Amino acid sequence: TDSELPVITLEPRLEQILLNSLQKAGQGSEEGVLLEPSMAEKLQRSLIDAAQRQEMQGQPVYLDSPVNAIRPELDGLASHYSYNYLFDAAGNIRDNQALFELFTSPGYYMDLWAFSLGLEVRYGKPVYEIVGRKLRITARRDFRLLDGARQIEIGDLPIVQFHWALNLLQGELTIPEVSAPQTKVVLMYMDEDFVEVEGRQMYRGTRYINGKKLSFGNTAPKQILIAQ
């Protein structure tokens with residue numbers, strides 16, 4: 001159809017808060033990478049607030065349509081199978097917890113070995129913990145060599161990016177069919193333009209770790225770099 005969906009964007013102040021929050025993350029351990037919970041919470045809050053403003057203004061509300069969908073983009077942290085339709089939650093998402101329930105089930109995430117950058121890679125299923133109105137994510141990522149001729153070493157590890165974004169998708173209901181939802185806006189802490197980092201293209205502002213420079217033990221905050 002030719003209908004339009006109002007776009008929700010992040011205000012600069014919130015974007016800077018998200019950047020500062022992620023920069024404080026990185027106390028990695030054998031259990032995975034722990035993200036600062038306020039980053040996710042503020043991102044979710046911005047979506048809910050924007051939806052409530054649309055409702056007050058008499059505009060179509062994104063969170064009220066069961067055929068709209070949401071997909072968390074967690075590159076470097078977890079692999080989400082697909083988008084999640086709002087379904088019965090549509091019209092009832094009024095707080096962070098209701099929004100979190102759309103995508104935090106472990107069943108939505110892949111934990112199989114796959115090929116990437118000359119290595120075999122496996123994401124663990126992320127563990128989400130609601131702490132008050134905030135969301136804490138603990139994640140892990142495993143690597144091994146393709147040929148299995150030797151044990152993988154730190155020097156074999158790639159650059160690991162840390163993404164946190166919510167992809168908002170609009171669906172169309174034309175009975176008896178429902179068309180696949182299409183991306184309308186992505187809420188993310190990174191900038192939209194790309195920069196090259198060690199031969200790889202990244203969104204400007206992306207936090208990342210150079211795997212080859214890691215060591216055993218916790219990851220220090222200074223080891224979390226910014227693509228710029």
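Strands here are DSSP runs of E with at least two residues, and helices are runs of H or I with at least four, numbered from the N terminus. Two strands pair if DSSP finds at least two bridges between them. The model is predicted: local features need pLDDT of at least 70 and side-chain atom pairs count only at pLDDT 80 or more, while totals for chains, interfaces and linings use all residues. Residues are numbered from 1 along each chain as its sequence is written, and side-chain values use heavy atoms, with hydrogens and water left out.

Strand β14 also pairs with strand β9 (residues 159-162), in the antiparallel sense and over 4 bridges. In this pairing Arg-207 of β14 is the bridge partner of Phe-162. Buried means under 20% relative accessible area, exposed over 50%, and partly exposed in between, with a 1.4 Å probe and protein chains only.

## Strands β4, β5 and β8

Another open sheet has 3 strands in the order β4-β5-β8, again with antiparallel pairing. The edge strands are β4 (114-116) and β8 (141-145), and each pairs on one side only. On average, neighbouring strands of this sheet are turned by 40 degrees against each other, direction ignored. For such angles, axes are lines fitted to C-alpha atoms (for helices over the stretch in contact), and values run from 0 to 180 degrees between N-to-C directions.

Strand β5 (residues 119-123) is joined to β8 over 5 bridges, in the antiparallel sense. Arg-144 in β8 is the bridge partner of Glu-120.

## Salt bridges

The structure holds 7 salt bridges, each defined as a side-chain nitrogen of Lys or Arg within 4 Å of a carboxyl oxygen of Asp or Glu. Side chains of opposite charge can pair when their charged atoms come close. One of the salt bridges joins Glu-120 and Arg-144, with the closest N and O atoms 3.1 Å apart. Glu-120 lies in strand β5 and Arg-144 in strand β8, so this pair ties together parts that are 24 residues apart in sequence. Glu-120 counts as buried at 13% relative accessibility, whereas Arg-144 counts as partly exposed at 35%. Arg-144 also lies over the face of Trp-113, at 3.9 Å from the ring centre. A charge sits over a ring if NZ of Lys or CZ of Arg is within 6 Å of the ring centre and within 35 degrees of the ring normal.

A salt bridge between Asp-142 and Arg-122 has its closest N and O atoms 3.1 Å apart. This pair links distant parts of the chain, with Asp-142 in strand β8 and Arg-122 in strand β5, 20 residues apart. Asp-142 is buried, with a relative accessible area of 15%, and Arg-122 counts as partly exposed at 29%. Arg-122, Arg-140 and Asp-142 are linked in a network of salt bridges. In a further pair, Arg-71 and Glu-73, the closest N and O atoms are 3.4 Å apart. Arg-71 is partly exposed at 22% relative accessible area, and Glu-73 is partly exposed at 23%.

## Aromatic pairs

Rings of Phe, Tyr and Trp (its six-membered ring) pair if their centres lie within 6.5 Å; planes under 30 degrees apart count as stacked, over 60 as edge-to-face and the rest as tilted. By this rule the count comes to 6 aromatic pairs. Among them is the edge-to-face pair of Tyr-83 and Tyr-85, 5.4 Å centre to centre and with 85 degrees between the planes. Tyr-83 is partly exposed, with a relative accessible area of 29%.

The rings of Tyr-109 and Tyr-128 have centres 5.9 Å apart and planes at 45 degrees, so this pair is tilted. Tyr-109 is in the loop between α3 (96-100) and β4, and Tyr-128 is in strand β6 (residues 127-131), 19 residues apart, so the pair links distant parts of the chain. Tyr-109 counts as buried at 0% relative accessibility, and Tyr-128 is buried at 14%. Both rings belong to one aromatic cluster, formed by Phe-103, Tyr-109, Tyr-128 and Trp-164.
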